Amino acid sequence: MTLATLAPGAARAAEPRPKFVTHQLEAWFGTNRVLKGIDMAIAEHQVTAIIGPSGCGKSTYIRCLNRMHEMVPSARIAGRVELDGQDVYGADIDPVLLRRKVGMVFQKPNPFPTMSIRDNVLAGMRLSRRKLAKSEAEGIVETALRGAALWEEVKDALKKPGMDLSGGQQQRLCIARSIAVEPDVLLMDEPCSALDPIATARIEDLLHELKKRYTIAIVTHNMQQAARVSDRTAFFLSGELVEMAATNTIFTSPSDQRTEDYITGKFG
Amino acid sequence: MTRTHTDREYEAKLDELRQRLVAMAERVDGMVEASVRAVVTRDTALAEATIAIDREVDRCELECDELCLLVLARWQPMASDLRSITIALKMVTDLERIGDLAVNICERALQLNAQPAFEYETIPKMVVIVREMLGDAVRAFVDHDSELARTVLPRDDEVDEHYHTVFRALMQLMRDDPTLLDRGIHVQSVAKFLERIGDHATNLAEQAIFMAAGKDVRHLHKVPRT
Amino acid sequence: MSVDLQPSGRAHDIRRRGNNLGERAFIALSVVAIAVPLLILGGLVVNTLGDAIGRLDWDFITSYPSRRASAAGILPALIGSLWLIGLTAVIALPLGVGAALWLEEYGGKSRLAGFIEVNIANLAGVPSIIYGLLGLGLFVRFLGLGRSVLAGALTLSLLVMPIVIIATREALRTVPGHLREAAAALGATRWQVIRQVILPMSLPGIMTGAILSISRAIGETAPLIVVGALTYVTFLPAGPGDPFTALPIQIYNWVSRPQEAFLVNAAAGIMVLLVTMLVLNSVAVLLRNRLQRRTRR
């Protein structure tokens with residue numbers, strides 16, 4: 001009986017399938033427990049936003065999903081992370097192959113400086129396959145750049161270094177690089193925090209397109225951004241999941257006072 | 001509501017909006033009270049003074065709307081703040097309508113005062129209930145008290161009941177004595193205006209419930225929610 | 001729209017004050033610090049060039065040593081040095097870069113890595129003649145390589161390896177962590193991350209290490225003497241197993257002769273050595289700059 005339930009078709013739409021599910025997920029850096037048992041699901045073909053103050057564990061959470069967390073020395077996890085029902089921390093799982101299924105876009109646009117725009121897009125492909133026919137490579141480059149809404153801007157400059165692009169273009173290049181390997185999930189760690197409002201709007205616009213093909217989890221400091229782009233929003237505080245609900249509900253009438261205080265700007 | 005906003009300017013603006021709404025509600029409540037008194041005591045001067053107050057109320061409406069727009073543009077409020085702004089925008093409309101209805105009652109008072117006295121005891125009873133509803137709805141909004149707001153809703157039925165009683169009684173009187181027709185219609189209008197004020201007070205109460213609980217209780221029987 | 005701005009009437013004392021004596025003195029000191037060694041070096045080169053000018057001709061470069069100073073040339077030493085440098089580069093660079101990669105990317109904080117790190121730091125401080133003794137014992141005698149170019153190059157490789165390793169590690173460390181993460185997040189294995197991202201980015205830094213190590217190797221004398229470089233060679237080494245001499249050895253040999261004419265030969269030899277080093281380094285610097293242009297920013 002909230003605003004969310006009034007959205008047209010909300011009641012009729014089929015319940016989305018969970019893509020990622022975490023059970024009692026805990027994460028440590030050394031002896032510091034940064035996630036304190038997260039039970040959460042990320043629904044397929046939706047944008048799930050994770051908000052919360054700095055140090056609440058929201059970035060760590062998504063880094064546990066593609067096993068990037070463990071790349072930091074002394075980092076470890078406990079609990080269970082399932083991708084389509086499969087335990088991604090199982091003994092038979094290759095984290096390298098997992099990361100091809102679960103792409104990641106970072107806070108700072110980070111195209112590879114030694115590579116051209118074209119080579120950046122193909123960087124991931126070159127890792128997973130030995131040889132690419134030239135025509136096939138061209139097709140992949142165009143599809144990925146179109147998917148990242150960058151093709152029209154760079155189609156005549158594919159040989160130029162990726163670093164020659166503007167910040168917003170670089171970030172879209174990074175998105176193109178991620179989707180070129182055809183992942184199922186895109187994890188985004190504050191992808192717009194280094195971008196100006198116009199570049200941000202382009203990426204947000206792109207997210208609405210991307211979620212048709214991919215499942216997206218986005219960590220953001222910007223509550224308005226979470227409100228704009230996501231279907232569901234999770235609020236983290238001090239390593240705990242305080243509340244997760246439809247974005248419409250979270251930003252109009254959250255049920256937890258801590259969520260309310262955070263999103264209305266009442267700190268400490 | 002233990003914590004305050006970290007941004008004190010924002011907090012001050014939201015507080016200012018609350019105070020303006022309360023001041024507007026008090027002014028409107030005063031108009032309702034005075035308008036009915038002007039009818040009952042046949043006080044033409046009071047009726048004219050009350051009609052003049054409506055301009056103040058209109059100004060309040062404009063100022064509140066402007067403040068809401070400014071807060072929306074500058075702070076992009078969320079959650080309870082967002083509800084309070086959107087609700088405030090609706091509340092000023094209801095309050096302004098109540099003010100207009102009080103003006104309508106005063107106009108009837110002027111008409112009635114030009115004719116021989118004709119009294120009807122149910123009118124003062126109605127105004128007591130209607131003013132309580134209005135007061136409780138506004139207090140419930142300010143205090144985020146959905147329980148208090150919920151008590152307002154059934155009282156609207158009481159008001160409707162009173163109106164129908166008045167209507168039937170007046171019909172009977174006018175049928176018996178056609179010379180009362182003119183005055184009877186004016187008194188019936190006053191009762192109708194009070195009944196409408198009750199409806200607006202009910203709207204305010206529903207808005208207060210949404211403000212406090214985040215639940216929209218309007219049109220529940222017509223638009224079911226899952 | 002006209003803007004009518006009144007100055008606030010407040011006076012700020014933001015005018016230049018004093019003449020920053022401290023800063024000027026520091027700049028002056030820095031200029032002196034760079035000028036003194038440059039002047040000394042310039043004087044030395046000019047002085048040597050003055051001595052050498054009479055003997056510096058094509059014959060000197062293309063002739064074999066002789067008992068007659070005026071007929072003696074430097075060809076075997078020059079070719080020997082080029083052999084040494086080439087072999088040293090081929091041996092020391094892959095090994096040094098590999099060692100640095102292991103230490104930075106794989107070794108982590110293991111005890112073995114710590115042990116190796118301490119050793120490398122110590123090796124960098126060992127006098128070069130000790131390397132010569134090690135080379136003599138290990139390569140010449142134990143491995144039976146004899147007094148060959150290979151034994152000399154292996155010894156020099158040991159000598160310059162710490163330089164290569166340290167420079168390479170520095171270069172690897174300058175690759176931002178977020179690029180490693182970006183590659184890993186694309187599903188790259190550790191080696192793929194290194195091969196595709198880290199090595200291309202750190203190549204300029206590695207080249208700097210190569211330049212430094214070549215400069216060091218080309219001028220080394222002591223270890224070569226110990227390893228058994230010859231001083232009088234009338235043939236050119238045809239392969240890594242052949243005996244050899246090198247520029248610094250030849251120069252050392254001429255300097256220790258009593259005859260004045262051989263001193264002139266030595267001066268000319270020094271000039272050849274200097275030019276060889278400058279040419280090799282210039283090639284390396286050009287190569288590095290080309291790489292850097294690709295990875296700028």
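Reader: How many residue pairs are in polar contact between chain C and chain A?

Author: This is a predicted model, in which local features need pLDDT of at least 70 and side-chain atom pairs count only at pLDDT 80 or more, while totals for chains, interfaces and linings use all residues. Residues are numbered from 1 along each chain as its sequence is written, chains are lettered from A and ligands numbered from 1 in the order written, and side-chain values use heavy atoms, without hydrogens and water. A polar contact is a pair of N or O atoms within 3.5 Å; within protein, one must be able to donate a hydrogen and the other to accept it, and residues adjacent in sequence count only if both atoms are side-chain atoms. Between chain C and chain A, with both residues at pLDDT 80 or more, the number of such residue pairs is 4.

Reader: Which helix gives the most residues to the side of chain C that touches chain A?

Author: Helices (H or I, at least four residues) are DSSP runs, numbered from the N terminus. Two of them, α7 (177-185) and α8 (190-219) of chain C, each supply at least two residues to this side. The top contribution is 7 residues, and the helix that makes it is α7(C).

Reader: Which residue of chain C forms a salt bridge with R63(A)?

Author: A salt bridge is a side-chain nitrogen of Lys or Arg within 4 Å of a carboxyl oxygen of Asp or Glu. By this rule the interface of chain C and chain A has 1 salt bridge. Its closest N and O atoms are 2.4 Å apart, and the partner of R63(A) is E181(C).

Reader: How much area is buried between chain B and chain A?

Author: Buried area is the accessible area (1.4 Å probe) that two parts lose on being put together, summed over both. The contact (heavy atoms within 4.5 Å) takes 23 residues from chain B and 22 from chain A. Carbon and sulfur atoms give 58% of the buried area, which is about 1800 Å².

Reader: How many salt bridges are counted between chain B and chain A?

Author: The rule does find 6 residue pairs in polar contact across this interface, both residues at pLDDT 80 or more. The largest share of chain B's side, 5 residues, comes from helix α3 (residues 79-113) of chain B. For salt bridges, the count between chain B and chain A is 0.

Reader: In chain B, where is confidence highest?

Author: pLDDT is the predictor's confidence in each residue, from 0 to 100. Chain B averages 91, and 98% of its residues score at least 70. The lowest mean, 92, belongs to helix α4 (residues 122-143) of chain B, and the highest, 94, to α3(B).
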